[in-house]
Amino acid sequence: MSGDSHGATVGGAHRFVGLAENLERHAGRPTAAEPPNVRGDNRGYALVFFHQERYHLTTVISSGLRFQPLGAEPAQELACTVYKEQAEAARHLVDMTAEVLVKQRTHLVPDQIVPNEQPLLPQTEFHGVLASGHPMFPPEFTRFTDADGVEQLQVFTLLPVTLGELNFILDNGVTALRQQWARFEVDVFDLGRPSVA
């Protein structure tokens with residue numbers, strides 16, 4: 001009997017003690033949350049909004065994907081960082097991507113592209129997202145470890161990419177796109193930015 005309860009605990013929430021504080025340390029103060037049942041049914045995750053005053057950035061982070069049967073080891077959550085005025089667009093990108101993962105019972109891998117036939121946001125060229133480490137926050141944001149230093153969670157940051165950039169990645173790879181972004185000093189947190197490809 002005790003063996004069974006221990007097994008249940010190993011996969012449980014205690015692995016994520018300190019996660020909320022870790023996210024807040026990097027992403028800023030939590031300002032709002034959207035519950036899993038915001039549309040009536042339980043979608044399997046909530047969305048939490050964090051604001052970092054210093055850089056005027058809002059980060060929307062999923063909460064609950066880590067408990068879904070996505071086959072990810074370590075577990076995963078999603079984040080998207082944008083300027084505060086664009087927070088609703090970030091919410092949409094995280095929600096849409098998380099919904100795909102839950103419905104398909106799949107997970108992301110580093111530098112994976114999640115393409116879409118139509119623009120993800122109205123009046124933009126963004127046709128996909130790139131699952132990445134965070135461009136500004138330290139690695140401790142992306143890779144959450146427990147008290148023993150064992151990695152328990154990866155927080156993939158979703159970076160919106162334009163149709164031209166998607167095609168550029170197919171031809172040249174993700175590293176080449178990052179080099180283009182650096183070359184043209186692209187602000188990846190600005191959803192009004194131009195395409196570099």
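**View 1. Elements that cover the buried residues of helix H3 in the predicted model.** Strands E1, E2, E3 (57–63), E4 (75–83), E6 (126–132) and E8 (151–162) are among the elements covering the buried residues of H3. The model shown is predicted. Which residues of H3 are buried? They are Ala 87, Ala 89, Ala 90, Arg 91, Leu 93, Val 94, Asp 95, Thr 97, Ala 98, Leu 101 and Val 102.

**View 2. Helix H3 from end to end.** H3 has 18 residues, which should span 26 Å at 1.5 Å a residue. Its end C-alpha atoms lie 26 Å apart, in agreement with that expectation. Just after H3 comes Arg 105, with a positive phi of about 50°.

**View 3. The salt bridge between Arg 39 and Asp 95.** The two side chains meet at 2.8 Å, N to O. Arg 39 sits in the loop between strand E1 (29–34) and strand E2 (46–52), while Asp 95 belongs to helix H3 (residues 87–104), so the bridge ties together parts 56 residues apart in sequence. Are the two partners buried or exposed? Arg 39 is partly exposed, because its relative accessibility is 46%. Asp 95 counts as buried, because its relative accessibility is 7%, under the 20% cut-off.

**View 4. The salt bridge between Arg 193 and Glu 165.** The side chains of Arg 193 and Glu 165 also form a salt bridge, at 2.8 Å from N to O. This pair links distant parts of the chain, 28 residues apart. Arg 193 lies in the segment after helix H6 (174–183), and Glu 165 lies in helix H5 (residues 163–172). Both Arg 193 and Glu 165 are buried.

View 5. The structure holds 13 salt bridges.

**View 6. The salt bridge between Arg 143 and Glu 151.** The side chains of Arg 143 and Glu 151 meet at 2.8 Å, N to O. Arg 143 is partly exposed, with a relative accessible area of 40%. Glu 151 is partly exposed too, at 26%.

**View 7. The annotated stretch, residues 55–194.** An unreviewed UniProt entry lists these residues as "domain: Suppressor of fused-like". Over residues 55–194 the chain is 30% helix and 29% strand. The end C-alpha atoms of the stretch are 20 Å apart.

Conventions
Residues are numbered from 1 along each chain as its sequence is written. This is a predicted model: local features need pLDDT of at least 70, side-chain atom pairs count only at pLDDT 80 or more; totals for chains, interfaces and linings use all residues. Side-chain values use heavy atoms; hydrogens and water are left out. UniProt positions are given in the numbering used here, feature names are shortened, and annotations may be inferred rather than shown by experiment. Helices (H or I, at least four residues) and strands (E, at least two) are DSSP runs, numbered from the N terminus. A salt bridge is a side-chain nitrogen of Lys or Arg within 4 Å of a carboxyl oxygen of Asp or Glu. Buried means under 20% relative accessible area, exposed over 50%, partly exposed in between (1.4 Å probe, protein chains only). The expected span of a helix is 1.5 Å times one less than its number of residues. Contact means heavy atoms within 4.5 Å.
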